[in-house]
Amino acid sequence: MTALLSVRNLDVSFTTYGRRTQVLRDVSIDVPEGAQIALVGESGSGKTVLMKTVMGILPQPPAKVEGGAILFDDRDLLTMPERDRLRLRGTAMSMVFQDPMSSLNPVFTIYDQLGTILKHADRRLGRQRGRRERWARVLEVLEQVRMREPERVARSFPMQLSGGMRQRILIAMALLSEPRLLIADEPGTALDVTTQAQILNLLRDLVTRQNLALLMITHNLGVVRETSTYTYVMNQGRIVEQAPTAEIFAAPREAYTRELIAAVPRLTGRAT
Amino acid sequence: MEFLAFLLRRLGWSLLVLLGLSVVIFTIARVVPGDPARMALGPTASADQVASLQESLGLNDPMFQQYATFLHGLARGDLGRSLLTEQSVTADIAKTFPATLELVICTILLAFALGVPLGVAAARWKDRWPDNLVRALAIGSAVMPTFFLALLLQILAGYVLNVLPTTGRLPGGIDFDAGWTGLVLVDSLIAGRGDVFLEAVRHLFLPTIALAAATMGQIARITRASMIDVSRQDYIEAARAFGVPDRLRMFKYMLRPAFVPPLTITGLEFASLIGNAFVVELIFSWPGMASYGIRAIVQKDLNAIMGVVMVSGVFFVVVNLMIDLLVGVVDPRVRIRGSRA
Ligand SMILES: Nc1ncnc2c1ncn2[C@@H]1O[C@H](COP(=O)(O)OP(=O)(O)OP(=O)(O)O)[C@@H](O)[C@H]1O
Ligand SMILES: [Mg+2]
């Protein structure tokens, strides 16, 4: 079976001040259509770098993709023309940003930001959508993320909304163009525990209802247990263990994984 | 609604600042050494004459009463009589201020029109040649004294190349009475005098460049820093991840939030801009407030000094008020919450 997203033997390095550091080593990950996959690892293990490489927003330089392939629908993102890649970005594959406080532009309204993204996604895909339909679609995704009073929210500036609301807007942003793959990089870690739990619930519901593939990136194994069926464990840029989530919890093979699991009670609180 | 509240708040502040300014001006004018009555009458006047002028100027009244009189006149736009010209100070200033206003407005517009794009270009091509060029320009214009640049331009463009006029607002041959606004550029357009307009532009050219250079350098520098700062924000990365095109990210998503620091710095720089305007006016024989103000200071013409400083102060406050409002338009955080934090 070929997966929707298949990362094969990916090597990524960073060069800063003439010193080269290997950040991802021989990383391989499969995300089948409609599956919920988790990627865990401690801080600095390379999770965000992996996600940015997949999304094509890695700053190059200093970063460099040294080798490997990233297949999406069996086409290699790394070798396809930039134009085709742009067509996928934010549409077929999109990501949920982590920090609700800093990921929305403070000087534009929610509708302005979501509408602009939608307009340009439509343009890349050669779709026609008028002003009124765009407004309707933005309200629709705001409702999907269970926003009350979506019209008022759409006309608000980010600072007029709570952290939880902003995080839901970041999810709505990712849903705008009906993606097939959603990559979520520690969504809600900046929020309090209750709100974070609500966000995770919402994500899980959305993913099952819309049959999206979800790659959940986190260093919190409590989150992993609730949101995934299969788990990859990453340490210092390598995948050190992979198994169905239940197995990982029942019988972790690596010492590193056992340590992560042991840390769960601490981590299910407000993560750092 | 919230904008109206914001506007009223700012207006209130401006009034307070002006009131404070009137106190400061009044005090300074009283404490500087030298007797205005004696200076007005000259060394040959008798002590009696000086005493009676002091009496009629109210210089013997209690300070508080003098201030009240000053404030009362101020509220009616009456700045008293100049001891030198023997005209009402308000009328004197009304004659010269429009020329200064025109010069300063053109300067700010030019500084912005050049400074912001330069800053954006420097940020866009950071550490490449456009950036280096802009940084060199910014530093150069900051360290070059305005009077020096003014003289340099005058010599180069005026005498060596002989392409632009180096003195005055209009050539001697043109008789144009700027009756409506006092701004020749505006009035000549209203009057449909294209020839006057062109001449006015030619005359404005050198003084405006000389005066604008330092401010433009500052604006370019601040815009660059601000753009680079904003470009590192998560929301810019997010816009990129969602496929918002480069140019739109640059000119909308980045420039708008990055626009506030250059605006603010312009407001702060405005004080030194007025000071430099006096220098530039002298060098280019620009018929603005400068020569009137300087003569007033040298001769200790109290009412004229207070008038010139007060008008400069009002100018400063009005410009900053407008900038505050612009900042409010650009950044909703300021408008709604009163700060950017
Ligand atoms: N812009 C960069 N320049 C140099 N090195 C970088 C850069 N970005 C990331 N790295 C390096 O890549 C490694 C992996 O970082 P990454 O952000 O992917 O970690 P992470 O697993 O997402 O951690 P966290 O859980 O804290 O978010 C780090 O060791 C870091 O030093
Ligand atoms: Mg990370």
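How many residue pairs are in polar contact between chain B and chain A, counting those with both at pLDDT 80 or more? In this predicted model, the count is 8 residue pairs.

Let's look at the side of chain B that touches chain A. Three helices of chain B each supply at least two of its residues: H10 (234-241), H11 (246-258) and H15 (332-337). The largest share comes from H10(B), with 6 residues. By kind, the residues on this side divide into 12 nonpolar, 9 charged and 1 polar.

The table gathers the counts and the area for the two chains together.

| Item, chain B with chain A | Value |
|---|---|
| Residues in contact | 22 residues of chain B, 29 residues of chain A |
| Buried area | about 2,300 Å², 66% of it on carbon and sulfur atoms |
| Salt bridges | 2 salt bridges |

One of the 2 salt bridges between the chains joins the side chains of Lys252(B) and Asp112(A), at 2.7 Å from N to O.

Now for a helix within chain A. Which residues of H4(A) are buried? They are Arg134(A), Arg137(A), Val138(A), Leu139(A), Val141(A) and Leu142(A). Their cover includes three helices of chain A, namely H3 (110-125), H5 (150-154) and H6 (163-175). Just after H4(A) comes Arg146(A), which takes a positive phi of about 60°.

Methods
Residues numbered from 1 in each chain as written. Chains lettered and ligands numbered in written order. Predicted model: local features only at pLDDT ≥ 70, side-chain atom pairs only at ≥ 80, totals over all residues. Heavy atoms only, no water. Contact = heavy atoms within 4.5 Å. Buried area = accessible area lost by both parts, 1.4 Å probe. Salt bridge = Lys/Arg side-chain N within 4 Å of Asp/Glu carboxyl O. Polar contact = N/O pair within 3.5 Å; in protein donor to acceptor, adjacent residues only side chain to side chain. Helix = DSSP H or I, 4+ residues; strand = E, 2+ residues; numbered from the N terminus. Nonpolar A, V, L, I, M, F, W, Y, C, P; charged D, E, K, R; others polar. Buried < 20%, exposed > 50% of the residue type's maximum accessible area, 1.4 Å probe, protein only.
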